[in-house]
Amino acid sequence: MLIKSKKGWEIPEREATPQEIFFNRRRFLKTTGLVLASAASMGLGACDGEAEESGAGAGASGTSSDPTADLYPVTRNERYMIERELTPKSISSTYNNFYEFGSHKRIYDKAQELKIRPWQVVIDGEVNNPETLDIDTLIRAMPLEERLYRHRCVEAWSMTVPWSGFALKELVKRADPKSSARYVRMETFQDPDMASGQRQYWYPWPYVEGLTMEEATNDLAFMVTGVYGEPLPKQYGAPIRLAVPWKYGFKSIKSIVRFTFTSQRPVSFWEEINPQEYGFWANVNPEVPHPRWSQATEEVLGTGKRVPTQLFNGYGEYVAGLYKDMQDKPIYF
Ligand SMILES: Nc1nc2c(c(=O)[nH]1)N[C@H]1C(S)=C(S)[C@@H](COP(=O)(O)O)O[C@H]1N2
Ligand SMILES: [Mo]
């Protein structure tokens, strides 16, 4: 039995609504079609100034034929409840960052070209149990649960979604890292024939991200295989993506094909493009502005409201300890 103590991030907010209202609202939004008023207009890297409208209803998902469809919905882990209204699927499924399919937000239709079976995941590097696994073998071997997480993009918009998946530390346990492993490097697929964005040769494909072993084994680090009680639709980074909710969204790498345990700190995709703007740590910190905009507040997708951004996106209780020796540095980097 879990004893529920109030976490720092469980701040009651006016927007909070019970689950039933959320689902009714979602149905309402689905049928009426909703225009996303003023989505964050600052793009990452090269794609500034792109305000998008999202009037396309629920967006394509087509996950009913997914080979893991029978596994969902999974049991919600109440430890990760959150008092903020969930972002309707119609919004989070049609407003995505997935540069493999274009450097703007409306890639959900393009992303349907992503082939998610067969899909192999390689686990290699400084581990005692290197292996290449079929994604369905991996997903079925892991203890799946649902967690409600906030997601804060470096572009100053946020959402709250019900991810399904498993703790990254379960995968780390399976890999059985050697003591020389200090980081986990994750890599997205590379297939420019399938993913037109990857023909933009000036980006350093494939997308790469990394975590320290301490971060990767923190309770909060989550491997996502589903959302809204079903297998993950392609635009969210199917069949498997990361969610590290205390860091800016770009750390949460999508459509992963390789986990490499290494002694070397990985250089991530955005860090390679612009190390002044996108560092390795990328911890959410409202007091450290992006060189081109403030990080003090965020637009909550679908609400038309801006709210203050919290240090570590409100998850300090879980993760502040990881950075206690970095007090003198802006932990944004
Ligand atoms: N492979 C890959 N992973 C990625 C990205 C990307 O372009 N490619 N964008 C990142 C950014 S900036 C964000 S905000 C989130 C967006 O996730 P969502 O589309 O599910 O909201 O994915 C992250 N992971
Ligand atoms: Mo992002």
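Proline 239 sits in the loop between strand S8 (230-231) and strand S9 (241-243). Helices (H or I, at least four residues) and strands (E, at least two) are DSSP runs, numbered from the N terminus. The peptide bond from alanine 238 to proline 239 is cis, with omega near 0 degrees. This is a predicted model, in which local features need pLDDT of at least 70, side-chain atom pairs count only at pLDDT 80 or more, and totals for chains, interfaces and linings use all residues. Residues are numbered from 1 along each chain as its sequence is written, chains are lettered from A and ligands numbered from 1 in the order in which they are written, and side-chain values use heavy atoms, with hydrogens and water left out.

Another cis peptide bond runs from tryptophan 205 to proline 206, with omega near 0 degrees. Proline 206 lies in the loop between S5 and S6. Alanine 156 belongs to the loop between strand S3 (145-152) and strand S4 (157-167). Its phi is near 75 degrees, a positive value in a residue other than glycine.

Tryptophan 119 lies in the loop between helix H2 (89-92) and strand S1 (120-125), and phenylalanine 189 in the loop between strand S5 (183-188) and strand S6 (208-212), so the pair ties together parts that are 70 residues apart in sequence.

Next, the ligand. Ligand 1 is surrounded by 19 residues (a heavy atom within 4 Å). The closest are Asn96, Tyr99, Glu100, Ser252 and Lys254. The shell divides into 10 nonpolar, 6 polar and 3 charged residues.

Polar contacts are pairs of N or O atoms within 3.5 Å. A backbone N or O atom of serine 252 lies 2.9 Å from a nitrogen atom of ligand 1. An oxygen atom of ligand 1 is 3.1 Å from an N or O atom in the side chain of arginine 241. The protein buries 100% of the 530 Å² that ligand 1 exposes when taken alone (Shrake-Rupley method, 1.4 Å probe).

How values were computed. Polar contact = N/O pair within 3.5 Å; in protein donor to acceptor, adjacent residues only side chain to side chain. Nonpolar A, V, L, I, M, F, W, Y, C, P; charged D, E, K, R; others polar.
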